[in-house]
Amino acid sequence: MASHFLLMPVGRNFSLKDIDGMTEARARALFARCRWGSETEQVCPDCGTIDSHYWIKSRKQWRCKDVACGRMFSVTSGTVFADHKLPLRTILHAIHLFVSHVKGISALAMSRHLGVAYSTAFVLVHKIREAVTHAQEQEKKQQLEGLVQVDGAHVSGRIRKPRVKKKASKTQARDRIPKDANPFHPNRRIVMVMRQVSKTPGVGATRTIVQVVRAEDSENARALAKKYISKTATVMTDEHPAYGDYMARYKHLTVNHSIEFSTDDGVNNNQAESFFARMRRMVIGQAHRVTPKYMYEYMSEIAWREDKRRAPPFVQSREIMHWMSRLTPDVSSWKGYWQGKRRRDEVLFVP
């Protein structure tokens with residue numbers, strides 16, 4: 001029987017020990033390779049000139065060789081880390097901690113590991129999460145094909161347990177809002193997940209698309225499928241009435257979860273449930289509470305973790321650094337409380 005990925009040597013090819021052995025110059029070179037693909041050539045963020053620009057040792061910056069430009073820039077200029085105060089090694093430590101905690105890491109834990117203030121760790125982990133979100137946005141440009149599993153889950157807007165205990169029933173207090181309650185609870189959101197399953201047995205899902213909606217109904221389910229799932233795909237769902245329209249567009253297979261987890265023919269929703277299992281563990285064990293304000297970013301993080309679960313830590317870290325270098329401060333969707341209202345205060349799918 002093959003060993004689990006995390007038990008193999010490739011699953012630990014990039015560790016805190018490796019980062020501790022780096023100098024600030026080596027960390028800068030790693031960021032340069034992830035941003036520009038080279039340690040010797042740089043791209044001026046102002047004029048776009050590609051050259052081996054003048055290195056100013058006293059400032060730890062380059063000066064553009066273009067006479068008309070002459071701008072001073074660093075490896076983080078024009079990115080979400082522009083004007084950063086933390087050393088590059090500390091940022092690299094944060095990225096590694098983010099990657100190595102397979103069920104996510106809280107800002108408070110990040111604060112203790114790095115020895116920085118909670119507010120600093122909060123900003124840092126959200127910038128990393130934003131880079132991951134942009135990576136997942138690129139996955140949405142190509143429709144899911146082959147075998148696709150679709151499901152939805154309630155993540156917020158749940159009622160608390162009452163002070164006085166009631167008789168035991170089939171439904172728990174932490175379950176979804178009852179039908180007689182206001183369906184438009186301020187924090188009520190549904191996370192819809194669509195996962196493309198590999199044809200190779202044992203590989204599982206290979207691509208994940210996630211979206212936050214207000215209700216798991218036929219309107220949202222139909223619009224999401226039309227946008228993100230190819231017409232030639234085979235779609236597996238449970239018997240929720242929201243997916244009743246799929247039969248007219250796809251080869252639609254269902255499983256009755258009140259009776260079984262998988263049919264005799266192998267029809268199941270296990271890959272979608274796998275996403276929600278990791279998501280629940282992150283919410284319960286790390287975040288403890290996810291509100292609509294940052295829900296899309298958290299769900300995109302889990303989708304990224306699921307898709308990259310077999311990628312070596314160095315590959316995951318390098319991808320995060322690559323996407324962080326592609327994000328500019330002025331178009332950043334997350335800017336913190338002090339920089340005004342977020343552009344993505346509500347990230348809802350509108351059919």
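Modeller: A search of the whole structure finds 10 aromatic pairs. Rings of Phe, Tyr and Trp (its six-membered ring) pair if their centres lie within 6.5 Å; planes under 30 degrees apart count as stacked, over 60 as edge-to-face and the rest as tilted. The model is predicted, so local features need pLDDT of at least 70 and side-chain atom pairs count only at pLDDT 80 or more, while totals for chains, interfaces and linings use all residues. Residues are numbered from 1 along each chain as its sequence is written, and side-chain values use heavy atoms, with hydrogens and water left out.

Colleague: Is the pair of Phe 14 and Phe 314 stacked, tilted or edge-to-face?

Modeller: The ring centres of Phe 14 and Phe 314 are 5.3 Å apart. Their planes stand at 75°, so the pair is edge-to-face.

Colleague: How many residues apart are Phe 14 and Phe 314?

Modeller: Phe 14 is in the segment before helix H1 (16-20), and Phe 314 is in helix H9 (residues 313-326). Helices (H or I, at least four residues) and strands (E, at least two) are DSSP runs, numbered from the N terminus. The pair links distant parts of the chain, 300 residues apart.

Colleague: Is Phe 314 buried, partly exposed or exposed?

Modeller: Buried means under 20% relative accessible area, exposed over 50%, partly exposed in between (1.4 Å probe, protein chains only). Phe 14 has 5% and is buried. Phe 314 has a relative accessibility of 24%, so Phe 314 counts as partly exposed.

Colleague: Over which ring does the charged end of Arg 305 sit?

Modeller: A charge sits over a ring if NZ of Lys or CZ of Arg is within 6 Å of the ring centre and within 35 degrees of the ring normal. For Arg 305, the charged end is 4.5 Å from the centre of the ring it sits over, and that ring belongs to Phe 98.

Colleague: How much space lies in the largest cavity?

Modeller: On a 1 Å grid over the protein atoms alone, a cavity is a set of points where a 1.4 Å probe fits but cannot get out; lining residues have an atom within 4 Å of a point. Grid points are joined across faces, edges and corners, and a volume is the space filled by probe spheres set on the points. The search finds one cavity of 30 Å³ or more. The space in the largest cavity is about 80 Å³.

Colleague: Which element gives the most to the lining of the largest cavity?

Modeller: The lining includes Phe 31, Arg 35, Met 321 and Met 324. Helix H2 (24-36) and H9 are the elements that give two or more residues to this lining. With three residues, the element that gives the most is H9.

Colleague: Where is Lys 60 found?

Modeller: Phi of Lys 60 is near 55°, a positive value in a residue other than glycine. At 42% relative accessibility, Lys 60 counts as partly exposed. Lys 60 is in the loop between strand S3 (54-56) and strand S4 (61-63).

Colleague: Is His 288 buried, partly exposed or exposed?

Modeller: His 288 lies in the loop between helix H7 (270-287) and helix H8 (292-307). Its phi is near 70°, again positive in a residue other than glycine. With a relative accessibility of 59%, His 288 counts as exposed.

Definitions and conventions: On a 1 Å grid over the protein atoms alone, a cavity is a set of points where a 1.4 Å probe fits but cannot get out, and a pocket is an open set with protein on both sides within 12 Å along at least five of seven lines; lining residues have an atom within 4 Å of a point.
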